[in-house]
Amino acid sequence: MSLSDTSFSIQPVQQSRVGDVDWDNLAFGKIFSDHMFLMEYSDGQWQAGEILPFQPIPMHPAMSAIHYGQSIFEGLKAYRNDDNDTVIFRPDMNAKRFIESAERMCMPPIPEDLFIESVRKLVEVDKEWVSTKPGYSLYIRPFIFATDELVGIKPAETYKFMIITSPVGMYYSEPVRVKIEEYYTRAAKGGVGRAKAAGNYGASLYPAKQCQLEGFHQLIWTDAVEHKYIEESGTMNIVFQIDGKLITPSEDSDTILRGITKRSVLELAKSWGVEVEERKVSVEEIIHAARNGTLEDAFGAGTAATIAQIAIIGFRDERLELPPFETRTLSNKIKDHMEDIKLGRIPDVNGWCFRV
Ligand SMILES: *Cc1c(COP(=O)(O)O)cnc(C)c1O
């Protein structure tokens, strides 16, 4: 389907709920905008998409996604910029990743143009939900799940592609404490770590809960074979800074989720002449640098927070404290710059913002 003949039927709400939102007390991901997008897959193809009032969906008790986990998702954001335009940050990248996730999980992919247009149209219909308040945005959650009504393990023949959106406020992160995990595993070679597959997150809850009992917020995941190489932090990609260089685990194995925030961070840094190394990053190297004070910075990168600077890294019985946030000039600059691009304060030379 080409973009020009993409049109969705729209069933608008009688009355918007946007006036009832308590903007000063928004809990992340609990409030949903007026409309949602729905498109069904049957008879070997995606059927016509529709935008309709946000509402519960009927569900058969044998619905295959619940039993066997054919379920994938994406996460991206829309912003209201200083010119009062609504923009979506790099939805083409999410579209491409969604296709890869679908293929890995034997699910029918959504063509890139169709994905972008369905996200764009839904945000356009609910653009009053994209707040102008500083730090606020509209979180967009596209997902596909299998809807066959049968208990039997095989790729389903029917699916739903849906998009829901949720207004979110400033992401206040208290200084993040992370622990290097040497037992539990997020993803193994040959597994589904690269896909944004629902089961990956269910599987991460128990290990995360264990580290929270020890006073950490999140884990730093290591490789499944030897637990010697760093992979990601919680549900964010991880970047370190040593001697002015940005160092991050390379994504050539299929165990690391290819984050769009991290990619953008690295592209920006490179454009400023910062040296960037994408390679294997050993636990030993990072611990050594943290002990001798050469680890200048470590941060998580992801859509929710953009950049979440790490205050403390736990390794076995050690608690390694990183330099104060004020001294982390590079990641602070990257964070501000990303914000400025989204808000139209500096030219978007890379074409990252898609106007709604
Ligand atoms: C979504 C996600 C990320 C971050 O990806 P972004 O595209 O930057 O939001 C990183 N790691 C995991 C495991 C994720 O699920």
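Modeller: A word on the ground rules: residues are numbered from 1 along each chain as its sequence is written, and side-chain values use heavy atoms, with hydrogens and water left out. As this is a predicted model, local features need pLDDT of at least 70 and side-chain atom pairs count only at pLDDT 80 or more, while totals for chains, interfaces and linings use all residues.

Biologist: Thanks! Why is valine 151 called exposed?

Modeller: Exposed means over 50% relative accessible area, buried means under 20%, and partly exposed is in between (1.4 Å probe, protein chains only). Valine 151 has 59% relative accessibility, so it counts as exposed. Valine 151 sits in the loop between strand 8 and strand 9; strands (E, at least two residues) and helices (H or I, at least four) are DSSP runs, numbered from the N terminus.

Biologist: And why is aspartate 34 called buried?

Modeller: Its relative accessibility is 4%, so aspartate 34 counts as buried.

Biologist: What makes aspartate 34 and arginine 17 a salt bridge?

Modeller: The term asks for a side-chain nitrogen of Lys or Arg within 4 Å of a carboxyl oxygen of Asp or Glu. For aspartate 34 and arginine 17 the N to O distance is 3.9 Å, so the pair meets the rule. Arginine 17, at 34% relative accessibility, counts as partly exposed.

Biologist: What makes a nonpolar core?

Modeller: A nonpolar core is a set of buried Ala, Val, Leu, Ile, Met, Phe, Trp, Tyr and Cys residues joined through side-chain atoms within 4.5 Å. The largest one here has 51 residues, and Phe115, Ile144 and Phe161 have the most contacts inside it.

Biologist: Why do you say that this core lies between domain 1 and domain 2?

Modeller: Domain 1 (3-168) and domain 2 (176-342) both give residues to this core, so it lies between them. The domain bounds come from an automatic or database domain assignment.
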